[in-house]
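Here is a short report on ring contacts and backbone angles.

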Amino acid sequence: MALISLGSLAAAIFLGFFRKMNTGLVCIGFALLLGKLAGIPDKEIIGGFNYSLFLMLLGVTYLFGLAEWNETLKLLTKKITVLAGKRTYLIPVVMYLFATVLSALGPGTIPTTAIMMVFGMTLAVEMKINPAMLAAIIFLGAAGGGMSPLAATGIIGLNLCEEFGLTGIEAPLLVNGVFSSTVYAAVVYIAFGGYKLKSEKALKFSDTASFNRAQIITLLGICTMVGMVMIFKVNVGLASFTAAMALSFFRVSDEGEALKRIPWGTLLLICGVGVLMNVIIVLGGIHLLSASLASIMNAATATAILGVTAGVMSWFSSTSGVVMPTLIPTVPHIIHQMSISVNPVEWVTAISMVSNTAGISPLSTGGALALAAYSSEAGAAAGEMDRLFVKMFGISAIGVVTLSTLAYFGFYRWLL
């Protein structure tokens, strides 16, 4: 049954990728079938649905759906980018820094990428910046900041670690995530000659609108949410709903439109996979997967192998929805089976960040958003889009190899 349970997860990933089905929905179906075969009560199957995680993700995505609808975040992105002026070579740097900060404050990896990619690809067209480079740098910034305890990916990682008793890792997980993204973003920036960029066209504050009343109140609401979480240790989901309530009271956004912007499919994916993972754990599937990975690892290669495994899986499935929930629970079991002394945060970060870097691929959401934005802004022909597809997949693949190689040399424990 342990082997069958792992096979059902592989089948869910296969159906999700090749049949374009929601993997979470498939996982719930498989969880029921496996549960009935193994005699697991329905109540225990349903218990795999992480209601706390769902509430946190729902609150965060709803609050930033309000901020996205009234274009607060879009205007803020433009104003931050104006700081580069004629120094075009600084635009990728500014975009990276802002993507990191914005993602860390709550929107997370994919919403931040979606918010910034359209503007980023517009800049790429107008200022003759390589779109593959700029798209990768924006995504890497969003991925690094996404490891924040306020953002979806960070919340998911922290919840998964808490399940096996690893707590109090918010700061090292975020620092390690940003460090990983920064190193590879610098590699991409240098490799594509970002430091050589020049333009006679200067970006000016006068080219952007002023924040209106609704947008100012929205920014204050977001800052209040961050303060509630960071200073008063309020649950991020509850804090987000409270801030959203205030925004609705002041009528600065449209509740209906914000509800439409909640990524319901993603929430179902993440929590649906959790239902199946709970059944897999009960049936011993995680122990079997851990033993299989441990059998091909040693103390020196473990982090690198976990990184490569996570990266390859991410090309065919969701990082936060599938890769992290599958591999992070194996960490304590592998450590126990190999009887080695290692900081679990090193392995958790390797799994999270190598798989996130794989998300630059156009086969994943991050890369797909970049292709769609560039196609819309540039009106690019099919041949140009094909070349951009290859470039972005190449950046993704090289990133997986580079970060996994660095992991072999202890990259993810340098700052621990």
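## Charges over rings

In this predicted model, the charged end of Lys 79 sits over the ring of Phe 211, at 5.6 Å from the ring centre. The term requires NZ of Lys or CZ of Arg within 6 Å of the ring centre and within 35 degrees of the ring normal. Lys 20 meets it too: this residue lies over the face of Phe 17, 5.1 Å from the centre of the ring.

## Basis of the values

The model is predicted, with local features needing pLDDT of at least 70 and side-chain atom pairs pLDDT 80 or more, while totals for chains, interfaces and linings use all residues. Numbering runs from 1 along each chain as its sequence is written, and side-chain values use heavy atoms, without hydrogens and water.

## Aromatic pairs

A pair of aromatic rings is described by the distance of the centres and the angle of the planes. Here, rings of Phe, Tyr and Trp (its six-membered ring) pair if their centres lie within 6.5 Å; planes under 30 degrees apart are stacked, over 60 edge-to-face, and the rest tilted. The whole structure holds 13 aromatic pairs. Phe 17 and Phe 18 make an edge-to-face pair, with 4.8 Å between centres and 85 degrees between planes. The rings of Phe 179 and Phe 411 are stacked, because their planes stand at 25 degrees, with centres 4.8 Å apart.

Phe 179 belongs to helix α10 (residues 170–191) and Phe 411 to the segment after α21 (382–408), so this pair ties together parts 232 residues apart in sequence. Helices are DSSP runs (H or I, at least four residues), strands likewise (E, at least two), numbered from the N terminus. Ring pairs also link Phe 14, Phe 17, Phe 18 and Phe 316 into a cluster.

## Ring exposure

Buried means under 20% relative accessible area, exposed over 50%, and partly exposed in between (1.4 Å probe, protein chains only). Phe 17 is buried at 18%. Phe 411 is buried at 1%. Phe 179, at 22%, counts as partly exposed.

## Positive phi angles

Most residues other than glycine have a negative phi. Lys 233 has a positive phi of about 60 degrees. Its place is the loop between α11 (213–230) and α12 (236–249). At 66% relative accessibility, Lys 233 is exposed.

Arg 251 has a positive phi of about 55 degrees. This residue lies in the loop between α12 and α13 (255–261). Arg 251 is exposed, at 74% relative accessibility.
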